[in-house]
Amino acid sequence: MSTERSDASGLLERHLAFVEALRGAGLSVSLAEDIDSLAALGAVRWGNRAMVRDAFAATMVKKQAQRTTFDALFDVYFPAMVGNGAGAEEGDEAGDGPVRDNASALVDFRDRLAEALEASQVDEAELRRMAAEMVGVFGAMPGRGPGLSSWSAYTALQRVAPQELVDRLVAGLMGEGADEEDARRRANRRIGSFTAMVEDDARRRIAEEKGPDHVAEVAVRPSIDKLAFMAARRGDLEEMRKEIFPLARRLATRLAKEQHSRHARTAPLDFRRTVRASIATGGVPITTHHRPKRPHRTDLVVLCDVSGSVANFAQFTLLFVFALREVFQSMRAFTFIDHVHEVTGHFRPGADPVDVLTDLAAATSHAALWGRTNYGRAFTKFEENHLDALTSKTTLLILGDARSNYSDLHEDALRRLTGSVKRTFWLNPEHERNWGTGDSAAPAYGEIVRMIECRNLNQLSEFVHDLAW
């Protein structure tokens, strides 16, 4: 009885720690949802791990974009295996002995991995077993100093180098009748999926070694809407791209409802229509009527730094803002590194986001003469060549990290620009604690323009909501 009570207590502690880790990663799990998740567990078979995971997800995950983070944390707190897994232990008992990291073992493993990835029907369970074997053999780092983990996905991936198997997979898939483009796309997708499995297994082992709370804090990336633009990897950028337009549509719907509600509260009373309507209720004006009021919409001009350090932030912010173009009266966009170039024409109604991002990347060359970011020069050139874009009804939005390579800041030019418009905002993708360090001119420009930290999709969405008013 005492053992059962201890097991139940340990499971409850693990559950509570899991919920706290979800909250720490940006998922807003309420107390009611926490209780619902426990109730859901009573309706599923605990022996089916996938069913338990889906029950947790159904009660705790509100957005599809959060599912990747949820799954990563679930695997850390409720791992599918411990150590090298049952399969490896059975192999040892059979007398095979543990596999050692040497040249022969590496060649053998790469051959087996290629065969598994080339299969017409990929066996995900087998690939996960191989990912565990790969980390256990080629990612082991015993004898490291205090505080350092004994397992490394990076080391395992460097040793095995699965990306180098792409050409072999492409040849195999083409032999089955696939064309080269489709074969390469499928090969890269399979390699990417296996790489994620390796990273998952390394996290699992580190969680066994250091505790799941440690891994949740340092190794699990936050949900895509909380992930910093400047920390995003290629796969993250793809997820962000998929999230941009649904997020913009949700925000546009929300703004329309709020504008309608606000209009109902603030529009002037139409006395004549109200009195006429009161005839139906014996002269009592139960229902009031209001005169139509044209909703306020602002003119927006965006001036955006597209240098390498902030390129991801710049592209996604431009794409997000233009996805909301119907919220604004008119919109124009300009990019710069040390020269200003208009890119408004790239944001065509109905254009594919991939094509837009590709066009923006290609247009970067027009925004640079010498290739070194120079905010002061960009402001003076914008004033010389595009001042007609600004009016007293314009909202000017500047995007960039304010790092100007110690060049002349030309604060006077920025003051003249801000003085000719209705209002000005500056979105900075760096954490506020880094403003003013190194070549950052954020404090100097912040005295002229309201500078706002904007490091992820969530902060961007909140800002654009306020901007539309």
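Analyst: Strands (E, at least two residues) and helices (H or I, at least four residues) are DSSP runs numbered from the N terminus, and two strands pair if DSSP finds at least two bridges between them. This is a predicted model: local features need pLDDT of at least 70, side-chain atom pairs count only at pLDDT 80 or more, and totals for chains, interfaces and linings use all residues. Residues are numbered from 1 along each chain as its sequence is written, and side-chain values use heavy atoms, with hydrogens and water left out. On these terms, six strands form an open sheet with mixed pairing, in the order E3-E2-E1-E4-E5-E6. Strand E3 (340–342) and strand E6 (450–453) are its edge strands.

User: What makes E3 and E6 edge strands?

Analyst: Each of the two pairs on one side only.

User: How do you know that strand E1 and strand E2 pair?

Analyst: Residues 299–305 (E1) and 330–336 (E2) share seven bridges in the parallel sense, and the requirement is at least two, so the strands pair. Within E2, Phe-334 is the bridge partner of Leu-303.

User: Why is Val-464 called buried?

Analyst: Val-464 has a relative accessible area of 1%. Buried means under 20%, exposed over 50%, and partly exposed in between (1.4 Å probe, protein chains only), so the term applies. Val-464 belongs to helix H19 (residues 457–467).

User: Which residue lies in the loop between strand E4 (394–399) and helix H17 (411–419)?

Analyst: Asp-401 lies there.
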